[in-house]
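Please have the viewer ready for selecting residues by number. The tour moves from one selection to the next.

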Amino acid sequence: MAKVKKIVKSITIDADKCNGCKACEVICSSWHATPRYSSNNPARSRIRIVRLPLRDIYLPVYAGEYTEAECTGRDKYIIDGKEYNECDFCRASCPSRTLFKEPDSGLPLKCDMCEETPALDQPKCVEWCHAEALIFVEREEEVEDDQPQLGDVEIGIGAMIDKHGLQQVLDTLARMSKA
């Protein structure tokens with residue numbers, strides 16, 4: 001298998017700097033609205049702030065890959081005297097929670113780093129984070145070029161089949177194709 005160089009984009013999170021303002025959630029949901037900036041619904045945001053103000057916990061988490069498997073880990077972590085739940089660090093859209101799912105359809109959401117043509121200097125959430133808790137990082141990595149990746153359509157259809165069943169999805173597609 002051949003190795004190829006790929007630019008990997010990520011957001012590094014400094015949880016000590018996050019003040020829980022949720023500006024990242026607001027700009028993300030507005031940026032991804034159709035048409036752009038036409039609405040603001042943080043339930044559609046690809047970044048969320050885990051907020052536990054009584055324990056002084058504000059933890060930004062951005063959406064990662066969809067996973068069909070529900071995790072079994074329910075560990076707790078104590079970092080700098082603050083207690084975190086294992087799910088607080090998880091970026092996956094999974095069956096056990098509604099976080100990172102489109103509220104109307106239940107389709108999984110994934111951070112796309114605000115990819116645009118022409119490309120933005122950094123994702124909108126990083127640009128709008130005045131506390132500097134979000135840091136955009138680009139690095140070059142060598143990766144195996146062995147498997148084609150599923151596209152958004154395949155992931156979306158898979159999630160719809162999981163939620164509604166194959167027959168209902170097929171019936172809906174047949175009905176839509178006649179229109």
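In which helix is L170 found? Select residues 166-178: this is helix 4, and L170 is found there (a helix is a DSSP run of H or I of at least four residues, numbered from the N terminus). This is a predicted model, where local features need pLDDT of at least 70, side-chain atom pairs count only at pLDDT 80 or more, and totals for chains, interfaces and linings use all residues. Residues are numbered from 1 along each chain as its sequence is written, and side-chain values use heavy atoms, without hydrogens and water.

Stay on L170, which is partly exposed at a relative accessible area of 42% (partly exposed lies between buried, under 20%, and exposed, over 50%, with a 1.4 Å probe and protein chains only).

Now turn to the cavities, of which the structure holds two of 30 Å³ or more (a cavity is a set of points on a 1 Å grid where a 1.4 Å probe fits but cannot get out, and lining residues have an atom within 4 Å of a point).

Select C18, N19 and K22, which are among the residues lining the largest cavity, with a volume of about 70 Å³ (the space filled by probe spheres set on the points).

Finally, select H32, R46 and D112, among the lining of the second largest cavity, where about 50 Å³ of space lies.

Terms used: 1 Å grid on protein atoms, 1.4 Å probe; cavity = no way out; pocket = protein on both sides within 12 Å on 5 of 7 lines; lining within 4 Å. Helix = DSSP H or I, 4+ residues; strand = E, 2+ residues; numbered from the N terminus.
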